Amino acid sequence: MSGKVVKYDQDNIDTDVIIPGQYLKIHDYAELATHAMEGLDESFHSKKGTYIVAGRNFGCGSSREHAPIALSESGIKAVLALSFARIFYRNSVDGAFLLPIEIDQHTYNEISDGDDIQVDITSNKVMNNTTKKTYSIKPFPDIIRDIIDAGGLFGYVPK
Amino acid sequence: MNLVEKILARASKRDSVSPGDVIFADVDKAMLHDVSGPGVIKVFEKLKKKGIKTDKLWNPSKVWVAEDHFVPSAEKISAQNIVKLSKFTKSYGIQRHYKYGMGQYGICHSLSHEEALVLPGEVYVGGDSHTNTTGALGAFACGLGHTDMAYVLLHGRIWFRVPETILFKISGSLPKSVSAKDVILRIIGDIGTDGGAYRTMQFAGDTVSNMSVEDRLTLCNMTTEAGAKNGIVSADNKTIQYLTERGASSISPIYQDDDAEYSDVYEYDAESLVPVVAEPYSPENVTPVSEAPTEDLDKAYIGSCTGAKYEDLVAATRILKGRKVKIRTEVLPATISIYRRAVEGGLVSTLMESGAMVGPPTCGACCGAHMGVLADKEVCISTTNRNFPGRMGHVTSRTYLASPAVAAASAVTGRITHPEDLD
C-alpha cells in the first residue's frame with residue numbers, strides 16, 4: 001500500500017495529544033477520528049495522510065485504545081517511529097487498528113513530510129516513492145507478526 | 001529468578017521464565033473503569049458481529065469495576081456510559097462495582113489498595129495505564145487497552161513478553177520535606193520518559209523498606225511515566241499488615257530468589273535528594289524546587305491516584321494548617337474511605353479553613369475531562385502524574401508536577417515554594 005506521509009519531527013508524542021482526555025467518554029469510532037491529533041496538529045485531517053512518521057516513544061502516556069482507533073479511523077495505516085510506548089504498540093496490534101513499525105534514525109531522516117511511501121511487511125522494506133530510495137524496517141517479533149497475520153488477538157491461536 | 005519472573009513463571013505454569021520469553025499468563029484480578037468498561041463493551045459488540053461468543057466471562061468474581069474518570073457526570077454521554085457500565089456488570093454477574101453515590105467508590109488504583117483487591121504475588125491487569133500503582137503490594141500489576149481487557153475477561157489470560165527488571169536501590173533516610181513523589185520524579189528525570197520502556201522497575205533498599213505502603217504506591221504509580229511495563233516492591237510485613245487491616249486473608253507472597261538477576265541497577269542516596277517539580281510539558285523535566293521558575297500560579301491541585309491517598313492529604317494539611325491559600329486550591333481525596341478518614345481526622349475542616357475546596361473522588365481534572373479543568377495559559381501545580389500539553393485542560397495551560405507538601409506550600413504563596421521556606 002502506498003500513501004502520503006505526515007511527519008512529526010519530535011519525540012514523545014503522547015496519547016493526550018493524539019486524543020485529548022475530554023473525548024475518552026466517546027466510543028463511536030468515527031466521532032473519535034474527528035478529534036485525532038487535536039492536541040498537536042489542527043490541520044492533521046486536511047493533510048490526508050496514510051502514514052505517520054515520528055520520533056522516539058510514540059504513543060506514550062495512557063492506555064486509551066482511543067488513540068490507535070482515532071488514527072486508524074482517520075485513514076492512518078501505519079505509524080513509522082524510532083520507538084513506541086508499550087500500550088499504544090500492543091493496542092495497535094491486538095486490536096488490528098494500525099501497524100506500529102520501528103525504523104532507524106537514517107530511515108527517519110530520509111522520509112519527509114508529504115513524501116509518498118510504500119510499506120511492505122513481508123520483505124520488511126519501506127520504499128520512498130518520492131526519492132526512489134528503499135530502506136529496511138525492523139521485523140516484527142514473532143508474537144506480533146503472528147497476531148498481525150491473525151487479524152488481531154482474537155484471531156490468534158497460541159502455539 | 002527475580003520477583004516478576006517468579007510471578008510470571010507461576011502464572012504461566014512454567015518452571016522458569018527469562019526476559020524476552022513470550023508467555024500467556026493466567027490473570028488473578030482484572031479491573032475496568034468508566035472509560036475502559038465502555039471500551040470493552042464496544043469490543044464485545046464487534047466480536048458478536050464476527051460470531052465470537054461473549055455471553056460469559058471467565059470468572060466474574062475476579063473482576064471489579066470502578067467509576068472514576070467521568071463521575072460525577074458532567075453531561076449526557078458520561079451519564080449514559082455509567083448506565084451502560086451498570087447494565088454490563090449486572091448482566092455478567094460482576095458483584096464488585098464501586099458506584100458513585102453508593103458508599104465506597106473512587107479512583108480505581110486507590111480502590112485496589114484501600115479495598116485490598118490485589119494481593120502479593122498476583123497477576124493483576126487493568127484497563128488503565130496507572131495499573132502499575134498496585135505493584136507496590138508485591139503483585140505484577142500492568143495496564144492494558146480495551147481489546148486486551150476484553151480478551152482477559154473472556155479467557156482469563158493474556159500474553160506478555162517477560163520484561164527485564166531494572167532495580168532501583170535507595171539507601172538512607174529521606175530529608176525532611178522530601179517525599180516518595182520527589183524520589184520517583186528524580187528517577188524519571190534521570191532515566192527519561194522511556195527509560196523504563198517495556199521493563200519492570202523494582203524498588204528496594206532500606207529507604208523503601210522504611211517507607212509506608214502508601215509511599216511505595218506513589219513510587220510504582222509513576223513507573224508508567226517512565227514507560228515501564230510495571231513497577232514493583234517486594235511484599236513485607238508492612239504490606240501484609242496493611243492488607244490484613246483492610247480485610248485480606250490467605251496472603252501468600254512470592255519472593256525473588258537469592259540469585260535474582262537485573263538488567264540494570266541504579267543506586268540512590270536518599271539523603272542527597274531534594275524536593276523537586278517536573279516542569280511542563282513532561283514528567284522528565286525535573287528541577288529542584290529551589291531552582292524552579294518564579295512564575296505566578298493559578299491553581300493548586302491535590303488529587304489523583306498519585307497524590308490523594310490519606311497520607312498525601314495529611315502532608316498537605318500539615319502545611320495548610322493555620323495558613324490561607326493564595327490561589328484556587330482543590331483537594332479531591334482518592335476514595336470515599338480516604339475522604340471519610342479525612343473528615344473524621346479533622347483534615348477536611350483544616351483544609352477548608354485554609355480556603356481550599358474539598359471535593360468528591362474523581363479523575364476528572366487530572367485528565368482534563370471535567371471538575372476543574374485549566375483555562376488558556378493557566379498554570380497549575382499538581383500532585384498528579386502527567387503534565388503533557390492539554391493534559392489538565394486547555395492545550396496552552398501548563399502543569400508542574402509536585403509532592404503534596406510542595407503543592408500545598410505553593411498554594412499558600414502562589415508560586416512554587418519549598419515547604420521549609422514558609423514563614
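Author: Two strands count as paired if DSSP finds at least two bridges between them. The model is predicted.

Take strands 15 and 16 of chain B with that cut-off in mind. Strand 16 covers residues 357-358 of chain B, and 2 bridges join it to strand 15 of chain B. The two strands run parallel. One bridge can be named: B:Val331 has B:Val358 in strand 16 of chain B as its partner. Strand 15 of chain B (residues 328-331) is also joined to strand 14 of chain B (residues 299-302), here by 4 bridges. That pair is parallel too. Within it, B:Tyr301 sits opposite B:Glu330 of strand 15 of chain B.

B:Thr384 belongs to the loop that links strand 17 (379-382) with strand 18 (398-401) of chain B. Is B:Thr384 buried or exposed? It has 27 C-beta neighbours inside 10 Å, so B:Thr384 counts as buried.

Next comes an open sheet in chain B. Its 4 strands are ordered 10-9-8-11, and the pairing is parallel. Strand 10 (230-233) and strand 11 (264-269) of chain B are the edge strands, each pairing on one side only. From one strand to the next, the twist averages 20°. Strand 9 of chain B (residues 200-204) is joined to strand 10 of chain B by 4 bridges, and the two run parallel. Across that pairing, B:Thr200 faces B:Asn230 in strand 10 of chain B. A helix covers part of this sheet's strands: helix 1 of chain B (residues 3-11) packs on the sheet and touches strand 8 (165-171), strand 9 and strand 10 of chain B. The direction of helix 1 of chain B makes about 105° with that of strand 10 of chain B.

Helix 2 (residues 36-49) and helix 5 (residues 146-155) of chain B pack at an angle of about 75°. Their axes are 8 Å apart. Angles of 65 to 115 degrees count as roughly perpendicular, so helix 2 and helix 5 of chain B are roughly perpendicular to each other. From helix 2 of chain B, the residues in contact are B:Ser36, B:Gly39, B:Val40, B:Lys42, B:Val43 and B:Phe44. They meet B:His146, B:Thr147, B:Met149, B:Ala150 and B:Leu153 of helix 5 of chain B. That contact has 6 nonpolar, 4 polar and 1 charged residues.

Last, the partner chain. The contact between the chains takes 32 residues from chain A and 40 residues from chain B. On the chain A side, helix 1 (15-18) and helix 4 (86-94) of chain A are the elements that give two or more residues. Helix 4 of chain A gives the most, with 5 residues. The chain A side divides into 11 nonpolar, 13 polar and 8 charged residues.

Helix 4 of chain A also meets helix 3 of chain A. The buried residues of helix 3 of chain A pack against helix 1, helix 2 (29-33), strand 2 (51-54) and helix 4 of chain A. Helix 3 of chain A (residues 66-73) is mostly covered, with 7 of its 8 residues buried. Among them are A:Ile69 and A:Leu71. After helix 3 of chain A comes A:Gly75, with a positive phi near 100°.

Definitions and conventions
Residues numbered from 1 in each chain as written. Chains lettered and ligands numbered in written order. Predicted model: local features only at pLDDT ≥ 70, side-chain atom pairs only at ≥ 80, totals over all residues. Axes fitted to C-alpha atoms, helices over the stretch in contact; angles between N-to-C directions. Contact = placed C-beta atoms within 7 Å. Nonpolar A, V, L, I, M, F, W, Y, C, P; charged D, E, K, R; others polar. Buried ≥ 20, exposed ≤ 12 C-beta atoms within 10 Å, placed from the backbone. Parallel < 35°, antiparallel > 145°, perpendicular 65-115°, else oblique.
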